[in-house]
Amino acid sequence: PPPRHLASALRGGFVATVVLTTMLSASEGLGFSRMSIAHMLGTWFTPDRNRAGAVGFVVHLVNGWLFSLVYALIFESWGRATWWLGAGIGLYHPAGTSLVATVAERRGIALAAQGIAGNVGVALSPVLSVAIAIVFDWRGAYAAFGVAAASLYQLASPRQEGGWFSS
């Protein structure tokens, strides 16, 4: 049987994807980014540079909608299909990718490392969090991941005067 909230998941996913795709296109047009994901996707389908942005916008919209549907089905299988869970997961990817693309000097290597580390983290985090929770409790797992995230931030962040972890 289809999930209980399939219609609302489709609507929410569509709205979120329209907002995300519009923000990505607007950020390039406003000069916040030099990379247009919509234009890059569009060039896969048409050699016409004038049409590539519109074609890529539609492709990105459809892909995002399909991803949101997959996430909605996963959340439904967990019994936790809430809008805030989808919004939280939806905020990470563009924010993390734009941060890496903006800060890194060698963008290709940095984006590849982010992709690899993200996949390794997705694979290992459930195992590690359960192991820590068994040894300590759920609070220990949260604390361990919080300390690890703060430590990684300290190691990976550029050194700027007056920053949170400036030395």
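Of the chain's 167 residues, 18% count as buried, where buried means under 20% relative accessible area, exposed over 50%, and partly exposed in between, using a 1.4 Å probe and protein chains only. This is a predicted model, in which local features need pLDDT of at least 70 and side-chain atom pairs count only at pLDDT 80 or more, while totals for chains, interfaces and linings use all residues. Residues are numbered from 1 along each chain as its sequence is written, and side-chain values use heavy atoms, with hydrogens and water left out.

View 1. Starting at the N terminus, its elements run α-α-α-α-α-α. Helices (H or I, at least four residues) and strands (E, at least two) are DSSP runs, numbered from the N terminus. Among contacts (heavy atoms within 4.5 Å) between residues at least 6 apart in sequence, 34% join residues at least 24 apart.

**View 2. Here is V19, a residue of helix 1**. That helix covers residues 6–29. V19 is partly exposed, and its relative accessible area is 43%. Look for L61 as well: it lies 42 residues from V19 along the chain, and their C-alpha atoms are separated by 9.5 Å.

**View 3. D137 and R139 form a salt bridge**. Their closest N and O atoms are 3.0 Å apart. A salt bridge is a side-chain nitrogen of Lys or Arg within 4 Å of a carboxyl oxygen of Asp or Glu. By this rule, the count comes to one. Side chains of opposite charge can pair when their charged atoms come close. D137 is partly exposed, with 30% relative accessible area.
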